Amino acid sequence: MASVPQLQRQFIEYTTSLHNEGYLDDQFTQLQKLQDESNPDFVVEVVSLYFEDSEKLLNNLATALQQKSVDYKQVDSHVHQFKGSSSSIGAQRVASVCVHFRNFCEEKNLEGCLRCLQQVKQEYILVRNKLEALFRRMMQLEQQILQAGGSIPMME
Amino acid sequence: MSLILVLMLCCSFVSLISMKLNKSMNIWMKFLEIFSTYTCMIHLHYYQQLGPRKLRKRWLRKLLILWIAFGTLLSLWIFWYLRSQALEKRKETLANMCDERARMLQDQFNVSMNHVQAMSILISTFHHGKNPSAIDQETFAKYTERTAFERPLTSGVAYAVRVLHSEREQFEKQQGWTIKNMTPVKKDEYSPEEFEPSPIQPEYAPVIFAQDTVAHVISLDMLTGKEDRDNVLRARALGKGVLTAPLDLIKSNRLGVILTFAVYNRDLPSNATPEERIKATEGYLGGVFDIRSLVEKLLQQLARKQIIYVNVFDTTNVSNPISMYGTDVSDTGLQHVSPLNFGDPSRKHEMRCRFKQKPPWQILAISTSFGIFVITLLVGHIFHATVNRIAKVEDDYHEMSVLKKHAEDADLAKSQFLATVSHEIRTPMNGVLGMLDMLMDTVLDVTQQDYVRTAQASGKALVSLINAVLDQAKIESGKLELEAVRFELRAVLDDVLSLFSGKSQEKGIELAAYVSEKVPETLIGDPGRFRQIITNLMGNSIKFTEKGHIFVTVHLLEEVTNSIDVETESSCKDTLSGLPVADRKRSWEAFRPTDQTVDPSESIKLIISVEDTGVGIPLDAQSRIFTPFMQVGPSISRIHGGTGIGLSISKCLVNLMNGEIGFSSVPKIGSTFTFTAVFSNPNEQQMNGESKSQFCNMLAVIVDPRPVRAEVSRYHIQRLGMHVEIVPSLTSMLSMLTKGSQIVNLVLIEEDVWDRDLTNSSVFAYKLRNLDLKVPPKLFLLTNSIGGSRQSNGVPSPPVITKPLRVSMLAGSLQRAMGGNKDNARNGEVPKLSLSKLLIGRKILVVDDNNVNLRVAAGALKKYGAEVTCADSGRKAISLLKPPHSFDACFMDIQMPEMDGFQATNVIREMEYAINNHIQVGDYANISRWHVPILAMTADVIQATHEQCLRSGMDGYVSKPFEPNQLYQEVSRFFL
C-alpha cells in the first residue's frame, strides 16, 4: 500500500495526464475547484448531466441528419448546445470538432456534417471513457487516501 | 529704422546749412523739398520691400553712393562759395583802397591846379596889369617857394611870357638873354649853355619866372618842346589848365606832367572863342608835377603803401597807356582800376592797384569744405555700417528663427515620440501585467509567487513611470486637456487615502484628510488629474516621512485668505501628530493675490495643502524642485525610487487648473505643499443620504486631547450624519456619560489616550459596562498602525478602527460593530477573494438553455457565496424578473432557442420601464427605480457582441466559462 503523499501525487498526476493528452482543459480544473464541502459531488453531478445531455443531443443530431430535407438550422443549434456544454466541462476536443461541425452546417454540407457527427461521437466516447475512468480511479484513490488518513488534495 | 534716422539727420544738416546760406535759401528750400519727398519715397520703399531684401540692399547702396556724391558736391560748392566770398571781399578792399588813393591824388592835384590857376591870375594882375611890373624873378621865386605847400603835387612852377617875333629883339635886350631852344643837344647831361638859341618863330614863349627848383628853365622857349607847345597852344585856346602827357623833365630827367594855364590880359567870358582867347593871351603859367615823388609822398601819407602796388597811367591813348607811376610788377591777378580826373578833359588818367601779395590760402574754405566732406563720409560710413549691421542682424534673426523652428520641431518631435513610445510600451505592458495577474491565480509555490509579485510590482512601477512620461509629453506638446465632469472631492480624497493607507499603516504615520464644510459636495472638474496631483504630493510625503503625520486639508481660498490674520501662531504646536511642521502659510506666500471679481457661485477656488513631518527639502534644492527629473540628490532615487517627474507634472496640471503651487520646507522638520485650483460649481447639489441614513442623528464622542486631530475625526464622522462631541480625556468622557443627559452611541478613543494609562482605560471600560445605560455606547480605538500590542496587556481592548479615516471604511467598520457581527476586529484585513466579498448573499438569476452550462455557472457563482436561481429559458427569466422581485443581478446566455438573451432583456427592460413610470405616480414610493443588472454570458467575446449587448439594454457581458478577473470587473460595477 502506497503512502499518502504517493497516493496524493498519483491523484494529481492522473488528472493532469488528461490535460496533457488534450482531452480536457482548464475548465475542468475550474470545475474541480468549484467542488467543496457544501457541494461534494459537484463534478460528478455536472459530468453525468453532461453525459445525459450529450447522448440526447447526439441522437437528435443523427435523426436530424437522416431526414430527407435536413433542417440545418436545427442541426446547428444542436451542435451549438453540444459545443457549449462540452466547453463548460472542459472537453475541448469535442468542442473543437463542434466548431468544424458548425462550419459544415453553415455550408449545408451534408457529407461533412455526417463525417463530423462521427468524429464528435468518437471524441465524445473517448472523453466519456476517460472521465469515467478518472472518476473510478479517483474514487479508489480517495478511499485509499482517506483510509491512509490523508486528505484529498485540492487542485489549487 | 536707423536708416530713417540717418536720413533725418542729413535733412536737418542740410537745412541747417541752408539756413546759414540765406542767400541761396530758395534753391535750398526746393532742394530740401525734393530731398524730403525722396526720403519719404525711400521710406515707403523700405516698408514695401521688406520682403525682397536683395532689392532693398541695392537701393540702399544706390542711396549711399548718391549720398557720397551729394556730400562731395556740397563740399566743393561750399569751397567755391567761400572762396568767391573771400575774393569778393578782397576785390572790394582793393577797390576801396584804390578809390581812396585815386580820390586823394585827384583832390591834391586839384588843389595844386587851383593854386596854379590862382597864381596865373596873380601874374596877370601884378605883372601885366602893373607897369612897371610888380613881379620880378626874385619875387616870383620867393613867393612860389613860400607857397609851395599850397601845391603839394607840384615840384615847381614857371611863367613863360608870350613874345611875338617882332618883339624878340626888344625882349632879349630887356631880359639880357636870348630865347633858347628847349631841346637839348645832348640828352645826357644838362647845362644851360648847351641850349641853342631859339630859331626864328612867329612867336615865342620864353620862361621868365621860375621857382628855384626849376630855375634852369628860364629863357627856354616853351613852344620849342613838343609836348610843351601842344600844351601851351591848347591851354590858351581852352582857357583851362591842360596837362601834357607824361614826359621826361629837363635836367632831373624824371617823369613829370606839366600843367599849363594861359594868362590873359583881360578877364574873358567863359564863352569866349579860341581866337579871342589867343589874342588876349599874355603868357603861360606852367606847373611841373613830379608824379612819382608826389604819389609816393601821398602813399606815405596813407601809410598803407606796402599792401598794394599803385600804378598811375595816362590812358589818353588807350592802346598805349603811358605809365606815370609805379613799377611794372608781375601780374598778381587781381587789379582794380580807378579813373582819375585831373581836370583836363582831353587827357585821361587812371590808377591801377594791385595787391602786393598773392591771395592767402583759403584756410576757412578749405577746412570747412573738407570738414563737410569728412562729415559726409562719416555719415556715409555710419549709414553703411548701419545697413550692414541691419542686414547682419536680419540674417542672424532669420538664422535664429530657422534654428528656433528646428528646435521647436525637434521638441515637438521629441514629445510626440515620447507619447507614441510610451503608448506603445503601455499596451504590451498591460498584457504583461494582466498575464501576471492571471499567473498569480494559478498554482504557484512560495518562491514562484514571490517572483511573480516582484515582476508585477516592477511592471506596475514601469507603467506608472510610462504614464508619467506620457503625461509630461502630453503637457509639453499641449495635448493635455482637462475633463469637466461632476465629481465628489471628498470621495476622491478618500480614494487617495485608501491608496496610501497600506504604506502609512506600515510606517505608523498618521494619515488624514480634512475638507472644510464650506467646500461643496460636488464640483465640476477633472477628478483624475486632481487625484494625480494629490497622489503625487502625498506619494512624495509618504516617501520622505518616517514618523509623524501627513495631513491633507482642503479649504476655499477665501476662507484661508480671510483667516490668515487670525491664526498667526496657532499652528506651531497644535498639529496632527504633535510634531512641528513647516509653516503652511509660507507655502502660498508667492501666490498672486486673488482677484475678487470671480463669482463664487460659478467657480470655486480651492486651496489644498499637503503637510508632512518628513525630512524636508534641503535649502539648496528648493529652487529646482519643480524642474522635471530633478531630484534633491542622486542618492534620493536610490533610496526612495521615483523619477522626479511627479512635481513637474503636478505643477503643469495645477497651471492647467488655473491654480498655483508652492511649498515651504524646513529640513528635518517637514514640508508643506500648497496648491490652488479652480473648479466650477454645479449649481444644484445632490445629497447622498445613502451612508448617512443609517447613522443619522446618532451621537459620537471623540476622546482626543489634540484639537486638530479631533477636528479631522469629527469631519469624517459628521459625514456619516452623526453628531459629534469632543472631550479631551476619558475622565471627562465618563463624567459626561454619568450625567446621562444624552444617549451616546459611539465613543471613539485615540489610541494614545487609551495606551497612556492602561489601568485607567480598563477602569473606564469597567465603569462603562457597569453604568447600566439603556443603550450602551460602543467603544472604538482609533489607531495608525495595524497589529499593535494591545491584546497582550490583558486589558480587553475595544474594536479598532485603523486610520486613515474614510467614509466608506468608517461606515463599514461601524456597521459591522453595530450589527453585532462576529468579526468586528477584522476591518483591517483584506478579504482573500474579493469576488466572494462582492457576491456573498446576492440573489442572482442564471439563465441558460444548456443544462450543463447552467449548472456550471450556478456552481461558480455559488462558490462565491451567491444565492443562485436557475432558469433554462428566456421566458422563465422574464416571469422571474417581473418586478417586484428580489434578484440583485441576472446572468443570461445570449443564444437560446425560442427567445434569445437580447429579446428577453428587451422584454424585461420594458416591464421595468412601465413599473418605473408607475413609481413616479407614487405606487412604490419607497423603492428606488427598477433596473436589474443583466450581464450577457457569451463564448465569443468580440466587440460587436459587446455593443449589441449594450444596445439591447444589458449592462455588460462575461465570457463563458467565467474568468474570475473579468467577472470581478463586471460585477464590481454594480455591487461596489
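Trainee: Which residue is the bridge partner of B:L748 in strand 23 of chain B?

Mentor: B:F780 is that partner. Before we go on: this is a predicted model, where local features need pLDDT of at least 70 and side-chain atom pairs count only at pLDDT 80 or more, while totals for chains, interfaces and linings use all residues. Residues are numbered from 1 along each chain as its sequence is written, chains are lettered from A and ligands numbered from 1 in the order written, and side-chain values use heavy atoms, without hydrogens and water.

Trainee: What makes two strands a pair?

Mentor: DSSP has to find at least two bridges between them. Strands (E, at least two residues) and helices (H or I, at least four) are DSSP runs, numbered from the N terminus. Here, strand 22 (residues 746-750) and strand 23 (residues 778-783) of chain B pair in the parallel sense over five bridges.

Trainee: In what order do the strands of that open sheet of chain B stand?

Mentor: The order of the five is 21-20-22-23-24, with parallel pairing. Strand 21 (723-727) and strand 24 (800-802) of chain B are at the edges with a single partner strand each, so one side of each has no neighbour in the sheet. From one strand to the next, the twist averages 25°.

Trainee: Which helix lies across strand 20, strand 21, strand 22 and strand 23 of chain B?

Mentor: Helix 18 (residues 707-719) of chain B does, running at about 165° to strand 21 of chain B. Such angles run from 0 to 180 degrees between N-to-C directions, and axes are lines fitted to C-alpha atoms, for helices over the stretch in contact (heavy atoms within 4.5 Å).

Trainee: How do I read two packed helices?

Mentor: You use the angle between their axes and the distance between the axes. Take helix 11 (residues 489-507) and helix 12 (residues 527-544) of chain B: their axes come within 10 Å and cross at roughly 20°. Angles under 35 degrees count as roughly parallel, over 145 as roughly antiparallel, 65 to 115 as roughly perpendicular and the rest as oblique. Helix 11 and helix 12 of chain B are therefore roughly parallel to each other.

Trainee: Which residues of helix 11 and helix 12 of chain B make the contact?

Mentor: Among them are B:L489, B:V492 and B:F500 of helix 11 of chain B, and B:F530, B:I534 and B:M538 of helix 12 of chain B.

Trainee: What about the antiparallel sheet of chain B?

Mentor: That open sheet has four strands in the order 10-9-12-11. Strand 9 (residues 308-314) and strand 12 (residues 349-355) of chain B pair over seven bridges, and B:I308 has B:F355 as its bridge partner in strand 12 of chain B.
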